[in-house]
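The stops below go from single residues to the whole chain.

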Amino acid sequence: MQHGPAVRRRKLGAELRALRSRAGLTSGEAARLVGWHQSKVSRIETGTSSTKPADVRLLLDAYGVDDAQLRELMLALAGSVEGDGREHWWHAYRGVLPPTYRDFISLESQASAMRTLETTVVPGLLQTPAYARAVTRAAVEGLDEDRLDTLVEVRLARQDVLRARPPLRMDAVLDEAVLRREVGGPEVMAQQLERLVEAARLPQVRLQVLPFSAGAHIGVTGPFVIFSFSNASDLDVVVLDHLTSSLYLERKEDLRAYTEAFNALRAHALSPGDSLDYLAALGEARKEAP
């Protein structure tokens with residue numbers, strides 16, 4: 001297990017190594033093309049040192065990589081700014097957000113798809129403002145109102161990935177406990193259920209409810225997220241959230257294990273259509289409750 005920045009360096013290096021091999025170059029030949037010592041190319045490829053975006057551009061040019069999306073992903077892994085020179089939006093919150101959270105947002109913004117199991121709360125990308133506020137207040141003790149406002153603002157800004165072109169494809173399995181847990185009171189939960197119904201109808205979102213009747217399942221060990229990238233499958237990563245940090249799993253065997261676990265959870269969950277009906281019925285029941 002590695003923290004986010006180390007994983008990003010290793011994944012960037014592995015992909016650059018693969019691109020160099022496809023270009024038919026040795027590390028020494030690549031170094032000569034860009035005017036470096038061979039040891040610098042090796043350090044970059046093994047992820048033992050951080051890499052400047054400008055250096056990544058040189059290597060991509062040397063390897064003849066002209067795929068715009070792949071170049072953008074490689075540069076994002078190196079910590080690049082956006083094409084117009086403007087920093088990624090979450091950098092403005094570096095004084096508030098811990099590095100692991102900023103790194104999670106960066107991966108989320110660059111991923112083409114995510115698969116997530118949630119066992120306690122609604123996924124952040126699908127939360128209403130009131131629900132996000134209630135969850136954040138409960139999760140982080142001693143927050144003053146200004147800091148709380150900022151964290152909720154960040155949570156809502158993250159949701160833009162579902163409206164991007166192309167949008168992030170989201171495949172979520174929600175344990176029934178997520179829907180039964182009273183967060184923020186009846187009115188907040190009623191609004192949140194309406195939001196989930198709306199989300200379930202989006203073409204880029206697939207929601208499935210894992211009912212209590214499914215019994216014990218592999219997801220009882222806790223929630224997780226799998227990020228996938230359309231241009232480089234080797235960059236896929238599993239993220240496990242903890243109270244004070246996030247851990248990232250990058251080994252192929254870990255990815256395979258969590259992918260198999262997610263597929264098993266989907267098989268035990270209600271179908272997307274039945275899940276939509278379930279969410280709608282639960283929302284109507286809350287409206288009718290005294």
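Select Gln-159, which sits in the loop between helix H8 (145–158) and strand E2 (169–175). Helices (H or I, at least four residues) and strands (E, at least two) are DSSP runs, numbered from the N terminus. This is a predicted model, where local features need pLDDT of at least 70, side-chain atom pairs count only at pLDDT 80 or more, and totals for chains, interfaces and linings use all residues. Residues are numbered from 1 along each chain as its sequence is written, and side-chain values use heavy atoms, with hydrogens and water left out.

Is Gln-159 buried or exposed? Gln-159 counts as buried because its relative accessibility is 7%; buried means under 20% relative accessible area, exposed over 50%, and partly exposed in between (1.4 Å probe, protein chains only). Now display its surroundings. Neighbours within four places in sequence aside, Gln-159 is in contact (heavy atoms within 4.5 Å) with Gly-124, Leu-125, Leu-126 and Gln-127.

Stay in the loop between H8 and E2 and select Pro-166, which lies there. The peptide bond leading from Arg-165 to Pro-166 is cis, with omega near 0 degrees. For context, most peptide bonds are trans.

Next, go to Ala-214, in the loop between strand E3 (205–210) and strand E4 (224–228). With a relative accessible area of 24%, Ala-214 is partly exposed.

Colour by pLDDT, the predictor's confidence in each residue, from 0 to 100. The protein chain averages 87, and 90% of the residues score at least 70. Residues 81–86 have a pLDDT below 50, and beyond near neighbours in sequence this stretch has five contacts in the model. Where pLDDT is low, the predicted coordinates should not be read in detail.

Finally, zoom out to the whole chain. The secondary structure of the protein chain comes to twelve helices and six strands. Its C-alpha trace spans about 75 × 45 × 30 Å along the principal axes. Of the 290 residues, 50% count as buried. Among contacts in the protein chain with a separation of 6 or more, 72% are between residues 24 or more positions apart.
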